[in-house]
Amino acid sequence: MTARHLALPAIAQFGRFDILGRLAIGGMAEIFLAREKGPGRGTRCVVLKRILPHVSNDPRFVEMFLHEAELAMNLTHPNLCAIYEFGERDGEYFIAMEWVQGVSITEMHKALFDRGDGGIPHQLVARIAAEVAEALEFAHHAKDAEGRPMKLVHRDVTPDNVMVSFDGKVKLLDFGVAKAETQRQKTDAGMLKGKFAYMSPEQYQGQTLDGRADVFSLGACMYEAMTGMALFHRASEYETMGAIVGDDPAPRVRALKPQVPKGLDNIVAQALAKSRDKRFSSAGALHQALERYLVDQGLVVRPQDVSHFVVELCSAQIQSGSRLDSKPELWTRETAQSSAHREALEDTISRDLIDATDEFAAQNKQRSGLVSVALATVVLGLLALVLYTALNPGG
């Protein structure tokens, strides 16, 4: 697969990078596959994340983005996607990062759904989650060059950001970069809705975050991985927020998948405790619980076991290779294209926020007392922030 991509014709040149095609586009950045040539490293494929114009025109965001990228570049762990380079060239802000040849948990679920299967086998979920938790523990306690704790929190642990390579390695994407994205709420409407369903209660409530917020998000990913169902996703943003912030405990995995052992069900339930004081005290504690579970169950899950499952599940994708859009004009990107993207973003987010606010007003008539007032403050405050920052990137 690598040899095939290394031989592709370039659609553009960006410094020492040959741009091979675009993989995806979101509200903040475009993702390209590139070929890099350099002394001492030979030739390799990398992912190039290029920041969109309406974001790069905001100097405050650029400063924060570069700071977070610099922090993330110093995080070296086998389960974290490596950042090779970041900066600005010819007026374009970019990050060059490791290309993980594999699939996300989201893509695995799509493949399972297409063939009529349910969730990912529980022993594989435990192994994948253990490695993500280990990466989170490393990053949460990382120190800068002067030995000071960086106090990093990922804030965006979602099934899209957990990758499993075709050789069975687990990688968590966008550590550090995700923080900059979240703080400015730069995203398109579909991405926004998806991320809402994995945020911790304290993140909605504007509290100071620590590593336990990522523990909650990883718990939601584990639930979804085993059941095939997004735990908190609802028909509207209002309902999603209510499901996360509300006092009711999260549903149990075994309610949908009774074959999942109680031990793993209990681990997921503790990770998903609404009060962070009742969760695992750290990502490291969650990692240890998962490792103990695998040992107690007599389960030895090797990288080749994970690889066998993923390769068999995604054989069609492996045969076809990455889906690249190789039109040369995608790299040159005229202003009109960027303006159209921004206008569509504004219109979609505006309509979604209006719908969510209207639904909140209707639902709120059935509520009373302090609970209603508190939830109103959380919902309307968050929606106002998202609308303002999405429509005023330079303001």
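These legends accompany close-up views of one predicted model.

Residues are numbered from 1 along each chain as its sequence is written, and side-chain values use heavy atoms, with hydrogens and water left out. In this predicted model, local features need pLDDT of at least 70 and side-chain atom pairs count only at pLDDT 80 or more, while totals for chains, interfaces and linings use all residues.

**View 1. The whole chain.**
The chain holds 17 helices and nine strands. Helices (H or I, at least four residues) and strands (E, at least two) are DSSP runs, numbered from the N terminus. Of its 395 residues, 53% count as buried. Buried means under 20% relative accessible area, exposed over 50%, and partly exposed in between (1.4 Å probe, protein chains only). The accessible surface comes to about 17,900 Å², and 52% of that belongs to carbon and sulfur atoms. Accessible areas come from the Shrake-Rupley method with a 1.4 Å probe; for residues, only the protein chains shown count as cover. Take the contacts between residues at least 6 apart in sequence: 68% of them join residues at least 24 apart. Contact means heavy atoms within 4.5 Å.

**View 2. The six-stranded sheet.**
Six strands form an open sheet in the order S1-S2-S3-S4-S6-S5, with antiparallel pairing. Two strands pair if DSSP finds at least two bridges between them. Strand S1 (12–14) and strand S5 (83–89) are the edges, each pairing on one side only. Direction ignored, neighbouring strands are turned by 35° against each other on average. Axes are lines fitted to C-alpha atoms, for helices over the stretch in contact, and angles run from 0 to 180 degrees between N-to-C directions.

**View 3. Strand S4 and its partners.**
S4 (residues 42–51) pairs with S3 (residues 29–38) in the antiparallel sense over 10 bridges. Glu36 stands opposite Arg44 of S4. Glu30 stands opposite Arg50 of S4. S4 also pairs with S6, again antiparallel, over five bridges. Here the bridge partner of Val46 is Glu98 in S6. Why is S4 largely enclosed by the rest of the structure? Because seven of its 10 residues are buried.

S5 and S6 pair in the antiparallel sense over six bridges. Arg89 has Glu92 in S6 as its bridge partner. Two residues lie between the strands of this hairpin, where Asp90 takes a positive phi near 55°. Helix H3 (residues 59–73) lies across S4, S5 and strand S6 (92–98), running at about 155° to S5.

**View 4. The nonpolar cores.**
The largest nonpolar core has 72 residues, and Ile120, Leu218, Leu272 and Leu290 have the most contacts inside it. A nonpolar core is a set of buried Ala, Val, Leu, Ile, Met, Phe, Trp, Tyr and Cys residues joined through side-chain atoms within 4.5 Å. Helix H5 (residues 122–140) supplies the largest share of this core, 11 residues. Which residues does Ile120 contact, leaving aside its neighbours within four places in sequence? Ile105, Met108, His109, Leu112, Val125, Ala225, Met226 and Phe309. A second, separate core of 22 residues includes Ile51, Trp99, Val100 and Leu173.

Cys81 counts as buried because its relative accessibility is 12%. Cys221 is buried, with a relative accessible area of 2%. The structure holds zero disulfides. A disulfide is a pair of cysteine sulfur atoms within 2.5 Å.
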